[in-house]
Amino acid sequence: MNTLVLPSSWPAQAPTPERRTAWLRDAFASDPDDGKSPALRGDVRCDVCIVGGGYTGLWTALEILRRAPGSDIVLIDADVCGGGASGANAGYLMPMWARFSSLVAISDHEEARRLGEASERAVDEILEFVDEHGIDAEYRRGPWLWAASSEAQRGAWNTTLEDLERAGVEPLRELSPDQARRAVGTPSHFGAVADPHCATLQPARLVRGMRRVALDQGVRIHEHTPLTGLRRENGTTLAVTPRATVRADRVVLAINAWAGQLEELADRMVTVASDTVLTVPVPDRLAEIGWQGPTSVCDARKRLNYYRTTADGRLVFGKGGVGLAPGNSGASTMWGGALRPGEVRRQFLRLFPDLRDVPVDMMWTAPVEYAVTSVPFAGWLRSVPGVCYATGYSGDGVGPSRLMAKVLASLVLGTRDEWSESALARTPGGVLPGEPMRYAGSHVALAALRAVERREDRGAFVPASVKRLTSIDPSVFRRRGRTASAPGSP
């Protein structure tokens, strides 16, 4: 018998409603709980058990049903569908072109181009799904900028552009400093590259809409049903919950940041916190600074700033890499109010000084898992046969979750195709040091990155000794003598 007992820090109970993000509160206000996904009680049998009711879990359920109609699928979530990263992210729907060098590093230029093109199609597929099923996700198509918010960040995208050129594709276009400033009305842009094939949306409304569609198609969803263990017996896998067990032929772990708490995946990722601010609606103030379109931005620092507007004229502003937790406690400790509101405010005022008096509606922090490759990966657990997983989105999961669902569906259904054999279906070769070294090293790296940012924002000299400390950053992946770095994402 193969058994996996989850760590004591694993979420054994659903987060309280007070810890939910503004996105999720809004989604429930517009579409109250319908009572169709009660906590599971008693033992059940199914073909596939999916753990996690976010984008990855729901897309996987829908993809399995598309390929194998009639499949019996049970989906469980410790909280509610969208209670994790799918209801807490900043709502950026983007292809993976900005991570092209990272894709090249785990494969080659041909495979990286195939995945990049598939990720671009995924943007269209998601928006077509929203339209087809009448989901009010408040989406707006518009360009995404990978911007230099200090002189030191200029050219951060050069390696990516070179790799794209070698692959014979040009999805990104460079902007001058003046064009980058005028795009969103900030004085602190020093150039950018733009991806025009992007969109922004209300992330929790999307996931709650996906839940509705999955229920309509026959998926048995049980919220407030945390997983406490997995074991293999008599040729099937048992997913253990506090009041029930689910016996399935295959189990899918779609748990994202919580995957870092599993021993065999912990050395492939590090979990950090990201703070997000949502202002009150101020469409007139945004128009005054010249930000009237749906352009979204991530800057080129490793602890990135990200900022976009909403359909009702709010400003979403966030900061990645604001904190981390020791050991395997990670994701469960990174929910609630913002961890570093002062730092977020300083960056907000540096980029948008004319909006200093705009009131904030809500601030929150949420966990983000960064893979050693900077791109998501999937595979089979070694500890318990019959269990596959996908994780490592590195802050960019809205669009790529659609691709990873295709990978997971192929694995679950035993299909040998371009997804089950893709570069995304390989466990990363690079590893992070174990604890306590990982926490100590990451803590030093974050402190060094903060020091570098403060100096670079002032245009000051950065000592080489401080720069060396930032090399501990796990979002930089080295393979075959090359270094592939990718921007962080909200």
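**Close-up views of a predicted protein chain**

**View 1. Surroundings of Leu 230.** With its neighbours within four places in sequence left aside, Leu 230 is in contact (heavy atoms within 4.5 Å) with Asn 2, Thr 3, Leu 4, Thr 237, Leu 238, Ala 239, Val 251, Leu 253, Val 384 and Val 387. The model is predicted: local features need pLDDT of at least 70, side-chain atom pairs count only at pLDDT 80 or more, and totals for chains, interfaces and linings use all residues. Residues are numbered from 1 along each chain as its sequence is written, and side-chain values use heavy atoms, with hydrogens and water left out.

**View 2. The largest nonpolar core.** A nonpolar core is a set of buried Ala, Val, Leu, Ile, Met, Phe, Trp, Tyr and Cys residues joined through side-chain atoms within 4.5 Å; buried means under 20% relative accessible area with a 1.4 Å probe, protein chains only. The largest such core has 137 residues, of which Leu 206, Leu 230 and Leu 253 touch the most other members. Helix H4 (residues 109-132) gives this core its largest share, nine residues; helices are DSSP runs of H or I, at least four residues, numbered from the N terminus.

View 3. In soluble globular proteins, nonpolar side chains tend to be buried together.

**View 4. The chain around these sites.** Buried residues account for 62% of the 490 residues in the protein chain. Among contacts between residues at least 6 apart in sequence, 78% join residues at least 24 apart. The C-alpha atoms fill a box of roughly 65 × 50 × 40 Å, taken along the principal axes.

Key. Buried < 20%, exposed > 50% of the residue type's maximum accessible area, 1.4 Å probe, protein only. Helix = DSSP H or I, 4+ residues; strand = E, 2+ residues; numbered from the N terminus.
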